[in-house]
Amino acid sequence: MAVKRSKLPSMLTREVVQDGLAYIFKGGLRLKNSHLPVEDHAIPTHFIGICVATNQQPETDDYVLAQLAALGLGRVRLDIGDDDMFEHQTRLLQRLLDASLLVDVHLVQPFAIARHMLDAQVQSRWQQFVEQFLQQYATQIASLEIGNTINRKRWSGYQWPGFLQAWQIAHRLARQYGVKVVGPNIQDFEPLYNISAFKKLQAAHLLPDVHSNNLFVERVIEPEQPDHRIFQFRWTRCLKFNLIKKARLLQKIGGDFGVATLISPVAFWAIYRIQRHLPDGAQKQADYVTRYFTLLAASGALAQANWGAMICHREGVINDGLDEARYPALERVAYYQSADGNLHEYQRNPSFSALRTVARWLNGAHYIGPLVTGNGLEIHQLRKHQKLIHVVWAINGHCAILNQVYAESALRTVECINRNGQAIAQPALITETPVYLMWDAAETVELHTTNPELSQTIIHAHIQGLQYFPVQEADWRGMILAESPEQAAQLWYAWHPGTLKAPAKEQALRHARNAIWPIADPRSANRKVTVKQPVRMHAHKTLLDRFKPSKAKRSWNGAMELLRRGVGTAMPLAYFERVNDTSLKQNFFICEYVTHDFSIAQAFIAFSQGEQSFHGVAAQTLYQAFALFCLHMHASGIYFRDFSGGNILVSQQDERLTFSLIDTARLHAHATATPYGERIADLTRAIQKLHWDGRKQFLTLYLGLSGHSLNIGTLLPFYLYDFKVHLKRTIGRKGMRKLLRKIKSLRTGSST
């Protein structure tokens with residue numbers, strides 16, 4: 001009888017699952033309010049550290065030491081491998097020790113060797129390597145980390161039995177030489193591995209002194225967001241698996257097995273991964289440095305957390321000037337083997353200053369507690385250097401108005417320092433870029449309200465040279481984007497909403513449910529800007545939209561989300577809305593006029609009428625360019641919802657086509673890529689005016705780029721949307737209006 005092969009994982013993986021589930025079912029992951037910060041605790045003096053490396057050039061050692069001094073960090077992690085970099089790595093190690101830095105050494109076996117750890121000769125080589133190292137450095141290093149992303153076999157090379165052999169050898173020698181043992185170096189938040197590893201190590205009397213887990217949250221982009229990969233989005237948010245909860249649960253797991261101290265040896269945000277969603281990768285990385293370490297400090301769960309690597313174009317606080325082709329095959333989270341590139345081309349990223357500043361104020365501080373957390377606005381209160389310090393930020397894209405968060409008495413005496421450590425004037429807004437608000441330690445600081453909230457206005461925090469100025473005057477509120485307070489005042493005077501009035505239909509650019517018309521731009525005598533105001537509201541919309549932001553605010557928010565994600569749109573300049581406006585018509589959105597050559601609708605209509613090109617652009621060229629644009633928009637998390645051809649404007653620049661979107665009020669923005677069903681819903685509208693051969697050509701391009709194929713299931717939504725459009729044109733409101741006009745015309749002709 002043939003034995004059916006099991007579809008279950010290997011026996012070892014089954015053990016990991018069984019060990020983990022047994023612990024969980026006994027209540028091991030039960031920790032009340034584990035998603036919230038822990039109040040009133042000391043942050044260790046060397047809480048924030050960094051991973052360093054060198055190369056064959058001794059001058060690189062000098063550079064690394066100079067950058068550590070500039071960062072003000074006193075503790076580092078250094079990977080040392082049993083390979084041809086050993087002599088250079090130990091050269092840097094000695095320099096670090098001579099500079100009186102605390103050095104945590106991570107001994108690494110090369111991938112090809114780690115795969116064969118059950119071989120007796122490999123075990124002998126590992127034992128000799130560890131012992132020779134400890135003979136020379138045991139009394140000088142702060143700790144020895146054993147293990148290497150053991151739940152990532154493709155990085156470390158370890159199978160579990162091989163890892164346990166490596167651990168046993170190194171652990172015995174570390175105990176013999178009196179060195180603090182750190183491990184087992186689990187990657188990300190995958191607690192089943194932590195539980196299983198500790199169970200096995202405890203049974204063998206081989207537990208570490210310090211529990212190490214690389215506490216990444218890069219895959220959820222923002223450090224505050226729940227980790228959607230633990231469960232599906234709905235359950236993740238319900239169970240609140242945010243960064244703080246992950247840290248506190250990992251600490252509990254270690255403590256339950258007798259290892260109370262937890263560290264995160266390495267974590268980072270790779271700039272190129274941020275840029276898959278948000279174009280300002282370097283600036284976002286700097287924002288996340290501050291926010292990540294502040295949240296980890298607030299958790300009270302870790303004794304130490306390192307950024308890594310110091311020097312790397314992907315994730316470093318210093319850019320080595322290389323491109324993606326030069327990134328090593330093995331992830332630097334597993335082995336930071338060397339600092340690459342030309343020393344003279346190294347450039348500090350914005351995250352360098354952010355790391356220096358957050359280390360200055362967090363290391364050795366006393367964490368008092370959060371004033372606000374978990375609702376998109378974060379205010380964390382510390383005490384250090386006779387200062388009361390608030391680290392303040394909003395989640396990506398959102399903002400809060402400072403004088404609506406803090407009482408006037410608090411703002412009279414506050415000192416403000418930006419993310420990079422520079423003294424600044426008091427900001428009008430709290431944004432995704434953190435700021436430090438400081439008072440004398442003895443001062444009592446009051447909030448404007450016990451439960452401050454976000455303003456529900458979206459902004460793009462990293463527009464070079466421009467600032468946001470909230471409008472709070474009489475019956476009007478809103479936002480102005482300008483270069484200075486003086487320019488903002490000029491725009492407010494020129495565009496005061498009390499003076500704006502929609503023109504007659506024949507004088508407007510568009511006049512239907514919304515009126516759109518040009519007005520003068522006071523910044524330049526030769527320019528115009530565009531104003532949009534709702535002028536017609538159906539009764540049901542007046543009722544349903546009463547609890548939504550105004551149309552102007554929604555248009556602003558949609559345009560800002562597009563800008564934040566690198567999708568073309570008209571630059572928003574201002575929005576104004578009347579307070580308590582029951583008509584829902586007293587609101588205005590003002591933006592730059594979008595210069596363009598044609599709309600997608602115009603081109604698609606021409607192709608449907610038999611043209612092979614439009615404005616000199618061949619149909620296939622337009623399909624390909626538009627497919628790439630749509631793919632980028634959806635990969636950035638945009639679900640436009642009003643993606644009709646007339647709202648998609650095309651500009652020709654030499655042979656390059658660029659796209660801009662208008663009418664942004666209905667847009668939805670996701671934290672991650674747009675779901676497939678919503679992508680298709682957008683495309684059904686965009687290509688509705690195109691003939692079927694053209695639709696299939698476009699969809700083949702788009703779907704092929706996104707990993708899908710064209711089939712009847714894909715085409716069905718397009719047939720259904722065509723049917724919906726047909727009904728609207730025949731028996732819907734449009735159809736009825738058309739029929740009434742025809743009847744009226746016939747009656748007029750008959751009477752004549």
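Visitor: How much space lies in the second largest pocket?

Guide: About 790 Å³ of space lies in the second largest pocket, where the volume is the space filled by probe spheres set on grid points that are joined across faces, edges and corners. This is a predicted model, in which local features need pLDDT of at least 70 and side-chain atom pairs count only at pLDDT 80 or more, while totals for chains, interfaces and linings use all residues. Residues are numbered from 1 along each chain as its sequence is written, and side-chain values use heavy atoms, with hydrogens and water left out.

Visitor: What makes a space a pocket or a cavity?

Guide: On a 1 Å grid over the protein atoms alone, a cavity is a set of points where a 1.4 Å probe fits but cannot get out, whereas a pocket is an open set with protein on both sides within 12 Å along at least five of seven lines; lining residues have an atom within 4 Å of a point. The second largest pocket has 25 lining residues, with Thr 431, Thr 433, Ala 461, Leu 466 and Gln 467 nearest its centre. Strand 20 (467-473) gives the largest share of that lining, three residues.

Visitor: Why is strand 7 called mostly covered?

Guide: Strands are DSSP runs of E with at least two residues, helices are runs of H or I with at least four, and both are numbered from the N terminus. Buried means under 20% relative accessible area, exposed over 50%, and partly exposed in between, with a 1.4 Å probe and protein chains only. Five of the five residues of strand 7 (residues 210-214) are buried, so the strand is called mostly covered. Val 210, Ser 212 and Asn 214 lie on one side, with His 211 and Asn 213 on the other.

Visitor: How do you know that strand 6 and strand 7 pair?

Guide: Two strands pair if DSSP finds at least two bridges between them; strand 6 (residues 181-187) and strand 7 run parallel and are joined by five bridges, and therefore they count as paired. In one of these bridges, Gln 187 has Asn 214 of strand 7 as its partner.

Visitor: What is the expected span of helix 7?

Guide: The expected span is 1.5 Å times one less than the number of residues. Helix 7 (residues 160-176) has 17 residues and reaches 24 Å from first C-alpha to last, close to the expected 24 Å. Its buried residues include Trp 160, Phe 163, Trp 167 and Leu 173, and just after the helix Gly 178 takes a positive phi of about 70 degrees.

Visitor: Which residues touch the most other members of the largest nonpolar core?

Guide: A nonpolar core is a set of buried Ala, Val, Leu, Ile, Met, Phe, Trp, Tyr and Cys residues joined through side-chain atoms within 4.5 Å. In the largest, which has 128 residues, they are Ile 50 and Met 310. Helix 12 (residues 281-299) supplies the largest share of this core, nine residues.
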